[in-house]
Amino acid sequence: LTKDGIFNAAVAATKSTTGDDEDGSSGLERVVVVDADVALTKKLVQLDGARIIGVWVGLDTIDKFETRIKTEIDTGRMIVPEEETEETVIRTKIRDVVMDIEYGLVSGVFEFTILNDDFEKS
């Protein structure tokens, strides 16, 4: 599944198919459940007719997030580009996650929060 594929499925689900009711709707409500990052969420909230119920899965600490990034680099699951250093990659990832958290707090999209305090179990 790609972000575009998920977005296109959500667009299709918001469209009425039969127009049987007086208001032109089919009388059926469609529910689409997606695992979306912040970029996809920003696109989904712009869909006409979509009712978004956001669930934010948050970090317990930035320190643990940084440790996870370092582990991914050390194990080779994350590659540091030649033109960057480990430190610049880590700082960029932390900056990005902080911006995502800020969006999650101020957007009003996320009605529920789940604290991801055990990465291995989740």
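Predicted model: local features only at pLDDT ≥ 70, side-chain atom pairs only at ≥ 80, totals over all residues.
The side chain of Glu87 meets that of Arg91 in a salt bridge, with 2.7 Å from N to O, and both residues lie in helix H4, 4 residues apart, or about one turn of the helix.

Select Arg91 next, which is partly exposed at 38% relative accessibility, and follow its side chain to Glu66, where a salt bridge of 2.9 Å, N to O, is found. Because Glu66 lies in helix H3 and Arg91 in helix H4, this pair ties together parts that are 25 residues apart in sequence. Glu66 itself is buried, with a relative accessible area of 15%.

Now show residues 62-74 as helix H3 and residues 86-106 as helix H4, whose axes come within 10 Å and cross at roughly 140°, which makes H3 oblique to H4. The crossing is right-handed. To see the contact, select residues including Phe65, Ile69 and Ile73 of H3 together with Val89, Ile94 and Val97 of H4; by class, the contact has 10 nonpolar, no polar and 6 charged residues.

Finish at Lys64, which forms a salt bridge with Asp60, the closest N and O atoms being 2.9 Å apart. Lys64 is partly exposed at 41% relative accessible area, and Asp60 counts as partly exposed at 25%. The structure holds 5 salt bridges.

Definitions and conventions: Residues numbered from 1 in each chain as written. Heavy atoms only, no water. Axes fitted to C-alpha atoms, helices over the stretch in contact; angles between N-to-C directions. Helix = DSSP H or I, 4+ residues; strand = E, 2+ residues; numbered from the N terminus. Parallel < 35°, antiparallel > 145°, perpendicular 65-115°, else oblique. Left-handed = near helix turned anticlockwise from the far one by under 90°. Contact = heavy atoms within 4.5 Å. Nonpolar A, V, L, I, M, F, W, Y, C, P; charged D, E, K, R; others polar. Salt bridge = Lys/Arg side-chain N within 4 Å of Asp/Glu carboxyl O. Buried < 20%, exposed > 50% of the residue type's maximum accessible area, 1.4 Å probe, protein only.
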